[in-house]
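Could you go through the ones used here and show what each of them rests on?

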Amino acid sequence: MITLILPNLSENLQAILPEISLALTLVAIVLFDLIFIKSKKFLPLISIIGLIVTFSFVILQFGDPKYAFAVSGNLSFLSLDNFSAFFKLLILITTLFIVLFSMSSQEVNSCPDRHGEYYALILGMVIGMFFMVSANDLILIYLSLELLSLSSYVLAGFVKTSIRNSEASLKYIIYGSASSGIMLFGISILYGISGSTNLHEINSILQSPTANQLTFLMSILMIFAGIGFKISIVPFHFWTPDVYEGAPISITAFLSVASKAAGFAVLIRFLKITFAQGLDKSGYWQMLSYIDWQMLLISFSIITMTFGNFAALWQDNLKRMLAYSSIAHAGYLMLGVAVLSDQGLMAVLVYFSIYLFMNLGAFYVVMLIANKINSEEIDDYKGLGYSLPLLGTALGIFLVSLTGLPPTAGFIGKLYLFIALVDANMITVAIIALLNTVVSLYYYIRVLKAMFLDKTDKKVEINLSPLNYIVLLLLIAPVLILGVYFTPLVNIAKESVQLLGF
Amino acid sequence: MIEVGLNHFLVVSTLLFSMGIYAIVTRKNAIQVLMGVELILNSANINFIAFTRFGNFGLQGHLMALFVIVLAAAEAAIALAIVLNIYKTLSTVNIDEVDSLKD
């Protein structure tokens, strides 16, 4: 029985200071938008200040794991550990970049009177993701996932007059609401099996194997449908290419990094806290023996990356190609989870921090070019490498890093992933992943070929503002530096793999 | 007289769930698809309440059901706004005709 009496409310409120400061920023943006109708240009500034304040609160939480809103012991709604703090930092960095992106995005600037709702909804998404990464209870997982989804449905169709945007948001909400409904049904079955919504309590009840295996498998697959939708795992990926192509580019970049990060955090916490019994001698998680978890995860990830890479080969639209490439990357990340050990988890964290910079960078260059030529077709990129040497080189670096070639950071991410796989004796899987990387080289290099080898007569000129240069530099520098000097990142990731209560 | 037990509720909820899935898969009209989603959410709600009532699980199930009712309303509001916007730009709510983005 749970009685909802919280004895130490102030302590608990202190634990969610980052979320509170985000919520206050949201309110400040809405009020500022209503009162000072003429000075919309301060809105991104307010969001940046709010995000930086939140950033410092999250840094303070790092290294101080505790439960918040606990009824007793580990029966809590939130568990604030290094793992969640790490993902919160990733999400905050992404959001800061997205706000900077939006300031120079033509699509966003085409509706100047709706900037207030734009930044407010972005912050709403961030609040949802913050609760998602630290949620310790199925109720909170579902609610925060919906908070994230509902804001992103609206943002995907931000430019109301654009047919592409409206279609993207329609497709997003239909697929999204269906899969979250299926997830809710799965949660209800899991609740029926175990009698609790708290992940720790479900774990201790499931340890005595009384549940019917088929019912259990059904409920797990249904819950995976909801989480897999967020991280776009095949077969729950159908929305990804359409929404990524249709939505404003800044939102596409946000969806492809931040909401994927939140989805992975939920997936990992759900798997490890709910279904792992403990560690065996060599550090692998011992999972409850209802299903062959490793097989399930490996098959999901191999199907995902193979499909993503092969479908990307035929794409002529750069945004759509990056959508399929992000599906493929979800497959690689899923492999790290499928190792089912802390080493695999570390590989996921390293890979994700690198994926953040290279993917955002690729989308940023695409956005700057699309602002001028109004197109993302690869055919329109012919010869752009000569008229725009800086942007062309930058895109080249990001794409090479996405492929995973040295000396860029993408190589380090893949390296740690493969080391984890080989250590776990999953050689066949590692080879399949390696072959997939070779396939991906083709479609990334195809863009560079169009930019640098195809000749054209037309001349394109883009005047970059100082802000554009700064953002570009902030994105390129980590991709190049982490490729050679990655020890600090790896150390932070090593400290962040510990989940609370395990 | 038959005693109404947990299984009766579960059968009803599963039927509702299947009808919801059927509506999502077969309907062409966006509004009808969204009605299917509402059916799924409510079937899960029936599950939560039934499990709480017959399993003596405490209050979490009720809590969840209450939250889901609120969420369903929010989702319906946003979905209808998006469908309205589609109708304004394309003068149709048939999902098959909204297909400018495809491979």
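The questions below concern a predicted model, and each answer sets a value beside its criterion.

Q: Why are H12(A) and H15(A) called roughly antiparallel to each other?
A: H12(A) and H15(A), the latter covering residues 342–373, pack at an angle of about 170°, and their axes are 8 Å apart. Angles over 145 degrees between N-to-C directions count as roughly antiparallel, and therefore H12(A) and H15(A) are described in that way.

Q: Which residues of H12(A) meet H15(A), and what makes up this contact by class?
A: From H12(A) the residues include Ile249(A), Ala253(A), Val257(A), Phe264(A) and Ile268(A), and among those they meet in H15(A) are Leu345(A), Phe352(A), Leu360(A), Phe363(A) and Met367(A). By class, the contact of H12(A) with H15(A) holds 15 nonpolar and four polar residues, with no charged residues.

Q: How do you know that domain 1 of chain A and domain 2 of chain A are in contact?
A: Chain A is divided into domain 1, residues 1–291, and domain 2, residues 292–502, and their C-alpha centres lie 23 Å apart. Contact is judged residue by residue, with C-beta atoms having to lie within 7 Å, and by that criterion 49 residues of domain 1 of chain A touch 49 residues of domain 2 of chain A. On the domain 1 side, H4 (82–103), H11 (239–246), H12 (249–275) and strand S4 (285–287) of chain A each give two or more residues, and H12(A) gives the most, with 15. That side has 29 nonpolar, 15 polar and five charged residues.

Q: Which helix gives the most to the side of chain A that touches chain B?
A: The contact joins 35 residues of chain A to 36 residues of chain B. On the chain A side, H7 (138–156), H8 (163–194) and H11 each supply at least two residues, and H8(A) gives the most, with 19 residues. The residues of this side divide into 18 nonpolar, eleven polar and six charged.

Q: What makes Thr161(A) count as buried or exposed?
A: Thr161(A) has its place in the loop between H7 and H8 of chain A. A residue is exposed if 12 or fewer other C-beta atoms lie within 10 Å of its own; Thr161(A) has 11 within that distance and is therefore exposed.

Q: How many residues separate Thr161(A) from Cys111(A) in sequence, and what is their distance in space?
A: Thr161(A) and Cys111(A) are 50 residues apart in sequence, while their C-alpha atoms are 9.7 Å apart in space.

Definitions and conventions:
Residues numbered from 1 in each chain as written. Chains lettered and ligands numbered in written order. Predicted model: local features only at pLDDT ≥ 70, side-chain atom pairs only at ≥ 80, totals over all residues. Domains from an automatic or database assignment. Contact = placed C-beta atoms within 7 Å. Helix = DSSP H or I, 4+ residues; strand = E, 2+ residues; numbered from the N terminus. Nonpolar A, V, L, I, M, F, W, Y, C, P; charged D, E, K, R; others polar. Axes fitted to C-alpha atoms, helices over the stretch in contact; angles between N-to-C directions. Parallel < 35°, antiparallel > 145°, perpendicular 65-115°, else oblique. Buried ≥ 20, exposed ≤ 12 C-beta atoms within 10 Å, placed from the backbone.
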